[in-house]
Amino acid sequence: MTASVAEEPHPYVGGQAPVAAYRKWGRESWVRRAPLLPALVFLIIVTQLPFVATLIMSFINWSAQPDAPGKSFAGLDNFKTVFQTAAYRQAVLTTIEMTVTVVVVSAVLALGIALLLDRAFIGRGVVRTMMIAPFLIVPIAAAVFWGNGILQTGFGLVDGLLGELGVHDAQNISFLTSHPKLSIEIALIWQWTPFMMLILLAGLQSRDPEVMEAAQIDGASTWQTFRHMTMPHIRRYLELSIVLGTIFIIQNFDFVLGMTGGLNSTNIPYSVYEVFYSAKDYGVASALGVLVVIGSIIVATFGLRVVSSLLTEEN
């Protein structure tokens, strides 16, 4: 087997190389990497430095309240406060509940829609564009749209439809106050299902059409084809969509702020907002933020492994 493109050998291959050869190899390596340095520096400044500052603040007693003492080293006290305070524990549970509900329902709906859009029919391109549209809306705009235009008591779209259907006291139904978490979950499912659907649709369209045709010729039913061929093929795509969706929904803040203002639906990101800007307890707010980042990193690490295995299988 002959190599069409020879890789540049390391100067130490085959014995100790002269200093000049090593310096030349180093210069050429830096020349190749130099175009990436501005992006790397920008990424470090935008993401890593703020996180380091937040991590440092999480170990400091720092409150801007008038009667608060001065800044001092707190150790793990801020993290203990997070886990010992009932409101913060409830925020953690709310975050988990919302994330699991939205991800599971969105994944099931996305799989069904992707299977339908994978079939050929008249107007498929228009339908695909319409299905993708919710994901393209800015989250805070989507939250205001759902809170004021659809679920708002008195003049929302849902109240109007229920009134037309003859439901008594439809004008007095308050979805955002009676069922705040459910309202937010419905809105999140509406926006994030198209994202998962795109990933699954890409997986479905990467199937070998000859293999699928051979299965039909051999007499395999639709359910057998789906169970033994389609699902094993798109399993990695399904895992990828679930992981990415989880990362985004864990950090959900816009819908809680725009729809309920945190009423019986406070999650961890909204707790950070309240503690930082309302209570002005910067140390506890930073500890909450660090916990969000740690949770996102854990999920992201699993996601990178899924992506790596997916690319390995494709190769």
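Let's start with E97: it is partly exposed, with a relative accessible area of 35%. Partly exposed falls between buried, under 20% relative accessible area, and exposed, over 50%, with a 1.4 Å probe and protein chains only. E97 sits in helix α4. Helices here are DSSP runs of H or I, at least four residues, numbered from the N terminus.

A word on the model. It is predicted, so local features need pLDDT of at least 70 and side-chain atom pairs count only at pLDDT 80 or more, while totals for chains, interfaces and linings use all residues. Residues are numbered from 1 along each chain as its sequence is written, and side-chain values use heavy atoms, with hydrogens and water left out.

Back to E97. What does E97 contact, leaving aside its neighbours within four places in sequence? K181 and E185. Contact means heavy atoms within 4.5 Å. E97 also pairs up with N267 across the chain: 170 residues apart in sequence, 9.6 Å apart in space, C-alpha to C-alpha.

Next, how α4 packs. α4 and α11 pack at an angle of about 145°, and their axes are 10 Å apart. Axes are lines fitted to C-alpha atoms over the stretch in contact, and angles run from 0 to 180 degrees between N-to-C directions. The crossing of α4 and α11 is right-handed. On the α4 side, the residues include T95, M98 and V102. On the α11 side, F226, T230 and I234 are among them. This contact of α4 with α11 has 13 nonpolar residues, five polar and no charged. Ala, Val, Leu, Ile, Met, Phe, Trp, Tyr, Cys and Pro count as nonpolar, Asp, Glu, Lys and Arg as charged, and the others, Gly among them, as polar.

Now α9 with α11. The angle is about 150°, with the axes 9 Å apart. This crossing is right-handed. W192, F195 and M196 are among the α9 residues in the contact, and H233, Y237 and F248 are among those of α11. The classes here are 15 nonpolar, five polar and no charged.

Stay on α9 for T193, which lies in that helix. Buried or exposed? T193 is buried, because its relative accessibility is 5%. Its contacts, beyond four places in sequence, are S106, L109, A110 and I113.

On to the largest pocket. Its volume is about 480 Å³. A pocket is an open set of points on a 1 Å grid over the protein atoms alone, where a 1.4 Å probe fits, with protein on both sides within 12 Å along at least five of seven lines; lining residues have an atom within 4 Å of a point. The volume is the space filled by probe spheres set on the points, which are joined across faces, edges and corners. There are 19 lining residues, and D118, R119, R207, M212 and T230 lie nearest the centre. Two or more residues each come from α4, α9, α10 and α11. Which element gives the most? α11, with five residues. The lining has eight nonpolar, seven polar and four charged residues.

Two last residues. S286 is in helix α14, residues 282-314. S286 is buried, at 4% relative accessible area. S286 touches T54, M57 and S58, not counting residues up to four places away in sequence.

N264 sits in the loop between α12 and α13. N264 is exposed, at 56%. Its phi is near 50°, a positive value in a residue other than glycine. Most residues other than glycine have a negative phi.

Definitions and conventions:
A crossing is left-handed if the near helix is turned anticlockwise from the far one by less than a right angle, and right-handed if clockwise.
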